[in-house]
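Reader: Could you walk me through reading charge pairs and surface patches in a model like this one? I would like the general idea, and then the case at hand.

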Amino acid sequence: MEPKTILKTLKEASPFDLFLVSFLLLPFVADSWLGVINKLNLDQLARYCGLGIVVVAYIIGIILMLQGSSRARRREIAKDLIIQYLTSKNFEMMSFDRVRKNINKSYTNEFLESLIEHFPKELRTARLKGSKSGIARIIESDEDEEA
């Protein structure tokens with residue numbers, strides 16, 4: 001399997017899937033780390049400290065993975081809500097203020113700009129009347145649909 005395929009699979013997996021796989025692999029990984037620590041010929045206390053560092057790093061990794069997955073899911077939901085709203089109203093764009101008024105009051109300008117960065121094929125920046133910042137959906141032309 002190519003590394004790109006593995007990374008894509010990991011990105012698309014749910015947090016539960018990742019936790020389950022890592023939990024099932026934990027005994028094998030722990031055994032490997034114990035083997036590495038034992039080969040260093042350290043005293044008992046140093047071995048436990050080394051194993052403790054590995055466990056703490058594992059826990060921190062899982063926490064960071066869950067936070068990253070949560071942020072990605074929040075962005076995906078926001079993108080879908082914005083595109084759905086624009087499509088239902090037959091709009092191409094709307095201001096950040098209108099997004100907050102009609103979709104979610106908690107969306108900051110920074111968050112909305114991050115949506116554009118993460119979904120460049122579906123969303124773009126927009127400049128509305130009065131130099132208001134906004135967001136626009138990318139509409140495929142009829143020629144693109146025929147191709």
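**Salt bridges and patches**

Author: By the rule used here, the count comes to five salt bridges. A salt bridge is a side-chain nitrogen of Lys or Arg within 4 Å of a carboxyl oxygen of Asp or Glu. Before we go on, note that this is a predicted model, in which local features need pLDDT of at least 70 and side-chain atom pairs count only at pLDDT 80 or more, while totals for chains, interfaces and linings use all residues. Residues are numbered from 1 along each chain as its sequence is written, and side-chain values use heavy atoms, with hydrogens and water left out.

Reader: Where does Lys79 lie, and is Lys79 buried or exposed?

Author: Lys79 belongs to helix 3 (residues 44–88). Helices are DSSP runs of H or I with at least four residues, strands are runs of E with at least two, and both are numbered from the N terminus. Lys79 has a relative accessible area of 5%, so Lys79 is buried. Here buried means under 20% relative accessible area, exposed means over 50%, and partly exposed lies in between, with a 1.4 Å probe and protein chains only.

Reader: Which side chain meets that of Lys79 in a salt bridge at 3.2 Å?

Author: The general idea is that side chains of opposite charge can pair when their charged atoms come close. In this model the partner is Glu76, at 3.2 Å from N to O. Both residues sit in helix 3, three residues apart, about one turn of the helix. Glu76 is partly exposed, at 26% relative accessible area.

Reader: What else does Lys79 form a salt bridge with, at 3.3 Å?

Author: That would be Asp80, where 3.3 Å separates the closest N and O atoms. Asp80 is partly exposed because its relative accessible area is 40%.

Reader: Which side chain makes a polar contact with Lys79 at 3.0 Å?

Author: The side chain of Glu122 does, at 3.0 Å. A polar contact is a pair of N or O atoms within 3.5 Å; within protein, one must be able to donate a hydrogen and the other to accept it, and residues adjacent in sequence count only if both atoms are side-chain atoms.

Reader: Which residue forms a salt bridge with Arg124?

Author: Glu92 does, and the closest N and O atoms are 2.8 Å apart. Glu92 lies in the loop between helix 3 and strand 1 (93–95) and Arg124 in strand 2 (residues 123–128), so the pair ties together parts that are 32 residues apart in sequence. Glu92 is partly exposed at 36%, and Arg124 is partly exposed at 31% relative accessibility.

Reader: Now the surface. Which residues form the nonpolar patch?

Author: Patches are made of residues with over 30% relative accessible area and no salt bridge; like charges are joined within 9 Å, and nonpolar side chains (Val, Leu, Ile, Met, Phe, Trp, Tyr) within 5 Å. The nonpolar patch consists of Val21, Leu25, Phe28, Val29, Trp33, Val36, Leu40 and Leu42, with about 750 Å² of accessible area together. Val21 is in helix 2 (residues 15–39) and is partly exposed at 47%.

Reader: And which residues form the positive surface patch?

Author: Lys89, Arg98, Lys101 and Lys132 do. Lys and Arg count as positive and Asp and Glu as negative, while His and the chain ends are not counted. Lys132 is in strand 3 (residues 132–137) and is partly exposed, with a relative accessible area of 43%.

Technical notes. Accessible areas come from the Shrake-Rupley method with a 1.4 Å probe; for residues, only the protein chains shown count as cover. The place of a charge is taken as NZ of Lys, CZ of Arg, CG of Asp or CD of Glu.
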